[in-house]
Amino acid sequence: MRKQLLRKKIVAVVMAAAMSCGMMACGSSEGKAPNTAASANEEGNIDASVNGTTVSEEASESDEAKEITITDMIGREVTIEPGSYKKVVCIGAGALRMYSYVGDVSILCGVEDIDNESLEERPQMFDGVARPYMLAYGDVFAKLPSCGVGGPNAQAAEAEKILTCEPDIVISEYEDVEKEDALSEQLGVPVITLKAGPMGVFDESFAGSMELLGQIFDQEERAEELITYIEDEKNAISEKTKDIKDEDKPSVYICGLGNWGTTNHLMTAQNYVSFNIAGVKNVVTDLENNGIQEIEEEKLVSMGEDIDIMFIDAAAVKNIKPLYAEDNTMFDSIKAWNDGEVYLEMAYNAYYTNYEIALINTWYIASVVYPEAFEDFDVEAKTDEVTQMFLGTPLASDIYEKPASFGGYQKIDTVTFFN
C-alpha cells in the first residue's frame, strides 16, 4: 500500500508537469521547499529527484518507511519517520520561532492566533515588539488556520483546534511529559517537545533542539550550520574580551528584562547571559537567586554610584516612561544616567526569547563596554548578518522600525528620551 501511494504521488508530479517521459522539474515558490522532479528509469520504476539528487522509487519507499525512536528535549521517547512530514503545527511559546530557524515554513498547516497578524481577535501584547521570525514569515503565517490562541496566558494546548489543521507532526514548547503524551495520543501523531535552557541561544539545550529539528525534518546540515555559527560568534566575542583585566572593567547594570510580560527599571539579573559571554562586570552580584527578577528601589539607589554603564531593554520603555513622568528624578542617583552612559538594547523576550536578538545584544553590549576591542563593530551590519543566518533574510531595518524598538540600538539621550 505504501508503495502504491508513493507511486501515485510521484506519478501526479509527472502528470502535473504534462510530460510523458524524461526528467521534469517542479519548483516551490514559497518558503524553503526543495526543488523536485520525476522520471521513469530503465527498469520501469519511477525516479524522484530532490535538489538534483535522484532516488529510485524503491529507495524512496525504504527511506520513508524507516522509523526511528528519538528522545525529545524533556526526555520523552517518540517514534518518528525522518523527512516524511508534510503538515506541521507549532504550539507554545517559542516553538514556531525555533522551527522557523531550521524547518520549512511552507509545510506549516496552522499557527497560533498570536502569530497571525491578520486576525482582529487575538493576543496583541507583542505587536509593537520586533519578533524576527514574524518579520521574516508573517505573510506566510497570516494565510494559515488557527491551531490555538497561544500567547503567555495559554497554558495548555488546544487539541480540538490542532485536529482541525490535520497535522502529521506537532512541535511543542509545553514542557509537561504527561500532557505531551496525552496530546500525542489524542491527536494520533508525534508530539515533539523543544526547550532552550537558562543560557538561551548559547545553551546546549538550544543546540539540542536545533539538532532534533534537523533530524526530524531531514535538515541536519542546516541545523549544524546554525549551531556552528552561534558557537563561533560566542567564541569571537569572548576572545576579544578575555585579556581585559578585572580592574579595568566598568561596572554595568542591565534592566528592563522581561519575565512573563512584567518588566521595568528594577527587573534585572545577576547572571545575565550576554554579560557572561562578553566578560562584563555586573554591578548586581549578591541576589539570593539567579534568573530575571525585580530588585528593590532602595537597592538600585544604593548601587547607583557604582554603575558606570547602564543598559535598558527596549521592552521596558513603555513601562518606565509613565514612572518617569511621575518622578523625573528616579535615575538621579545613577552615575551612568548623569554621565550620559545609558544604552538601549533590543527586546530580549517577546513570546519567549528572541534568540537571534539575544546574540546581537551580546555583540552590542560588548562593543559599548569595551569600545577599543570592538572599534570596527557595526551593529546594523551585525543585525543583518545574524538574521540572515537565522532566518534567511537581513532584517535590521525591519527590526529598528518596530514601534517598541525606538529606532534601534542607541545611546539614550537622558534629557529627552523619556519625555
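Contact here means heavy atoms within 4.5 Å. By that rule, residues 24 or more positions apart account for 64% of the contacts in the chain with a separation of 6 or more. The model is predicted: local features need pLDDT of at least 70, side-chain atom pairs count only at pLDDT 80 or more, and totals for chains, interfaces and linings use all residues. Residues are numbered from 1 along each chain as its sequence is written, and side-chain values use heavy atoms, with hydrogens and water left out.

**The chain as a whole**

- The secondary structure comes to 15 helices and 17 strands. Both are DSSP runs, numbered from the N terminus: helices are H or I with at least four residues, strands are E with at least two.
- The chain has 419 residues, and buried residues make up 53% of them. Buried means under 20% relative accessible area, exposed over 50%, and partly exposed in between (1.4 Å probe, protein chains only).

- Four strands form an open sheet in the order 8-7-9-10, with parallel pairing. Two strands pair if DSSP finds at least two bridges between them.
- Strand 8 and strand 10 (191-193) stand at the edges. Each has a single partner strand, so one side of each is left without a neighbour in the sheet.
- Neighbouring strands of this sheet are turned by 35° against each other on average, direction ignored. Axes are lines fitted to C-alpha atoms, for helices over the stretch in contact, and angles run from 0 to 180 degrees between N-to-C directions.
- Strand 7 (residues 88-91) and strand 9 (residues 169-172) pair in the parallel sense over four bridges. Within this pair, V88 stands opposite I169 of strand 9.
- Helix 6 (residues 177-187) packs on the sheet and touches strand 7, strand 9 and strand 10. The direction of helix 6 makes about 155° with that of strand 10.

- A second open sheet has five strands in the order 13-11-15-16-17, and its pairing is mixed.
- The edge strands are strand 13 (281-282) and strand 17 (410-411), and each pairs on one side only.
- In strand 15 (residues 309-313), five of the five residues are buried, so the strand is largely enclosed by the rest of the structure.
- I309, F311 and D313 point one way from strand 15, while M310 and I312 point the other way. All are buried.
- Strand 11 (residues 251-255) pairs with strand 15 in the parallel sense over four bridges. V252 has I309 of strand 15 as its bridge partner, and C255 has I312.
- Strand 15 also runs parallel to strand 16 (residues 342-345), joined by four bridges. Here the bridge partner of I312 is L344 in strand 16.
- Helix 13 lies across strand 11, strand 15, strand 16 and strand 17. Helix 13 runs at about 160° to strand 15.

**Helix 8**

- Helix 8 covers residues 220-241, which is 22 residues. At 1.5 Å a residue, helix 8 should span 32 Å, and its end C-alpha atoms are 32 Å apart, which agrees. The expected span is 1.5 Å times one less than the number of residues.
- The buried residues of helix 8 are R222, A223, L226, I227, Y229, I230, E233, K234, I237 and T241.
- Seen down the axis of helix 8, these buried residues fall within an arc of 155°, so they line one face of the helix. The arc is that of the directions from the helix axis to the C-beta atoms.
- What covers them includes helix 3 (95-102), helix 7 (204-216), helix 9 (273-278), helix 13 (355-369) and helix 14 (379-391).

**Y229, within helix 8**

- Y229 lies in helix 8. Y229 is buried, with a relative accessible area of 12%.
- Y229 touches L359, E385, V386, M389 and F390, not counting residues up to four places away in sequence.
- Y229 and M389 are 160 residues apart in sequence, yet 8.1 Å apart in space, C-alpha to C-alpha.

**R131, in a loop**

- R131 sits in the loop between strand 8 (108-110) and helix 4 (132-141).
- R131 counts as buried, at 2% relative accessibility.
- The side chain of R131 reaches the backbone oxygen of I114 at 3.3 Å.
- R131 touches R97, I114, D115, F126, A350, Y351 and N354, not counting residues up to four places away in sequence.

Methods
Polar contact = N/O pair within 3.5 Å; in protein donor to acceptor, adjacent residues only side chain to side chain.
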